[in-house]
Amino acid sequence: MKLEEAVKALSRALRCEYAGVIQYLQNAQLIQGSERNLHAKFFKDLSKECWKHAAKVGKWLVVLNSVPGVEPAPVKQSMKLTEMFRHGLELEREAYGAYLEAHSAAREEAALRFFIEEMIHDERLHIDQFEKLLEMKKLAVAAKEARAKA
Ligand SMILES: [Fe+2]
C-alpha cells in the first residue's frame, strides 16, 4: 500500500523532471543580452540534469512494476531572466516536495529510499541555487573586515 503512494509521488516527480528538460532548454534558447553567455549554459546544464533524473526515476518506476508516464508537468515560459529563475525555483520546489513524499512512503525499501535521498539532495541544492540567483538568502556578515586573533 505504501509503495503505491511512493509510485504516485515518483510519477509526479517524473512529470516535473520532464517539464524541467523542456523548460530549461527553452530558457537556454530564448535568453538574450549580456547575460546570455553565462546563463544559456546554466539552463542547458539544468535541462541535462533533469533528463538524467527523469531517466533514473523512470528506471525505478519500472522496478516498482509501474509504467513511467510520458506527460510533463506544465512548462512555464518567459523572456525575462528573473522570471525564468522564479519559474525554475517553483519547479524545483515542486519536484523536491514530490521526492519528500515518495521518501516517507518508501519506508521499507532501503534501496529506493537511498535513491530518493540522492534526488532530495540534488533538488535541495537546486532550490538554494535559484534562491541565491533571486537574492532571497538573508545572510549578513558580522563585520566589514574579519581578522584572525593573535
Ligand atoms: Fe531533478
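Predicted model: local features only at pLDDT ≥ 70, side-chain atom pairs only at ≥ 80, totals over all residues.
Now look for E17, 32 residues away from E49 along the chain: the C-alpha atoms of the two are separated by 8.7 Å.

That brings me to the first pair of helices. In general, two packed helices are described by the angle between their axes and the distance between the axes. For helix 1, residues 2-30, and helix 2, the axes come within 8 Å and cross at roughly 155°. An angle over 145 counts as roughly antiparallel, so helix 1 is roughly antiparallel to helix 2. The crossing of helix 1 with helix 2 is left-handed. And what is that contact made of? Its residues divide into 18 nonpolar, 6 polar and 2 charged.

On to the second pair. Helix 3 runs over residues 81-105 and helix 4 over residues 110-133; their axes come within 9 Å, with a crossing angle of roughly 155°. Helix 3 is therefore roughly antiparallel to helix 4. Here, too, the crossing is left-handed. If you'd like to find the contact on screen, helix 3 brings residues including F85, L89, Y96 and Y99, while helix 4 brings I116, I120, I127 and F130, among others. By type, the residues of this contact of helix 3 with helix 4 are 13 nonpolar, 3 polar and 7 charged.

One of the residues in that contact is R124, a helix 4 residue.

Finally, let's go inside. The largest nonpolar core has 29 residues, and those with the most contacts inside it are L10, A13 and A102. Which helices supply this core? Helix 1, helix 2, helix 3 and helix 4 each give at least two residues. The largest share, 10 residues, comes from helix 1.

Leaving aside residues up to four places away in sequence, A13 touches V57, A95, A98, Y99 and A102. Thanks, everyone!

Technical notes
Residues numbered from 1 in each chain as written. Axes fitted to C-alpha atoms, helices over the stretch in contact; angles between N-to-C directions. Helix = DSSP H or I, 4+ residues; strand = E, 2+ residues; numbered from the N terminus. Parallel < 35°, antiparallel > 145°, perpendicular 65-115°, else oblique. Left-handed = near helix turned anticlockwise from the far one by under 90°. Contact = placed C-beta atoms within 7 Å. Nonpolar A, V, L, I, M, F, W, Y, C, P; charged D, E, K, R; others polar. Core = buried A, V, L, I, M, F, W, Y, C linked by C-beta atoms within 7 Å. Buried ≥ 20, exposed ≤ 12 C-beta atoms within 10 Å, placed from the backbone.
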